Amino acid sequence: TAAFDKAVFDRITAADTPVARMFEATYEKRFADDPAAIAYVWDTLAAAVLLDGSIVTDSLDVHLDVDAQFGPDYGRSLGYTRNPPVGTQPTTVIRRIDLDRFWEMYSDLLGRPIE
């Protein structure tokens, strides 16, 4: 759900930092080809939640089971809110974050000079 558009791209790439330039190199063709395009980030969401857990707006506590057997369902996860099977682990599934605050944090961090 963490989509960004050209406005966010422009805000981030306005910073003259190595990380902002890397971000620009990754996405510049997409927005040059189609200024109305959108793109997504994933892994940085986990980092953002670790930095500031208050950006989480919707989460659910579940017991989670992940299929670790190589086969067609490898990596598939199932969450149980009631009567979890033996072997599942308690975890919190983050379903939504405050995207405005996320993009503000993301832009600020990518715009900081590396020290």
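Colleague: How many salt bridges does the count come to?

Modeller: Side chains of opposite charge can pair when their charged atoms come close. A salt bridge here is a side-chain nitrogen of Lys or Arg within 4 Å of a carboxyl oxygen of Asp or Glu. By this rule the count is seven. This is a predicted model, in which local features need pLDDT of at least 70 and side-chain atom pairs count only at pLDDT 80 or more, while totals for chains, interfaces and linings use all residues. Residues are numbered from 1 along each chain as its sequence is written, and side-chain values use heavy atoms, with hydrogens and water left out.

Colleague: Which salt bridge does R101 form?

Modeller: R101 pairs with D52, and their closest N and O atoms are 2.8 Å apart. R101 lies in helix α4 and D52 in the loop between α3 and β3 (56-66), so the pair ties together parts that are 49 residues apart in sequence. Helices (H or I, at least four residues) and strands (E, at least two) are DSSP runs, numbered from the N terminus.

Colleague: Which residue does D58 pair with?

Modeller: D58 forms a salt bridge with R95, with 3.3 Å between the closest N and O atoms. This pair links distant parts of the chain, 37 residues apart, since D58 is in strand β3 and R95 in strand β5. Another of the salt bridges joins the side chains of D16 and R21 (2.5 Å, N to O).

Colleague: Is D16 buried or exposed?

Modeller: Buried means under 20% relative accessible area, exposed over 50%, and partly exposed in between (1.4 Å probe, protein chains only). D16 has a relative accessible area of 66%, so D16 is exposed. D58, at 28%, counts as partly exposed, and so does R95, at 43%.

Colleague: What lines the largest pocket?

Modeller: The search uses a 1 Å grid over the protein atoms alone. A pocket is an open set of points where a 1.4 Å probe fits, with protein on both sides within 12 Å along at least five of seven lines; lining residues have an atom within 4 Å of a point. The lining of the largest pocket is T1, W42, D43, L45, A46, V49, I94, R95, R96 and I97. Both α3 (43-51) and β5 (89-97) supply at least two residues of this lining. The space in the largest pocket is about 210 Å³, where a volume is the space filled by probe spheres set on grid points joined across faces, edges and corners.

Colleague: Which helix gives the most to the lining of the second largest pocket?

Modeller: That is α2, with five residues. The volume of the second largest pocket is about 160 Å³, and its lining residues include V19, M22, W42, D43 and Y106.

Colleague: Where does W42 lie?

Modeller: W42 is in the loop between β2 (39-40) and α3. Its relative accessible area of 61% is why W42 counts as exposed.

Colleague: Which residues form a nonpolar patch on the surface?

Modeller: Patch residues have over 30% relative accessible area and no salt bridge; nonpolar side chains (Val, Leu, Ile, Met, Phe, Trp, Tyr) are joined within 5 Å, and like charges within 9 Å. V19, M22 and I114 form the patch, with about 290 Å² of accessible area together. Accessible areas come from the Shrake-Rupley method with a 1.4 Å probe, and for residues only the protein chains shown count as cover. I114 lies in the segment after α4.
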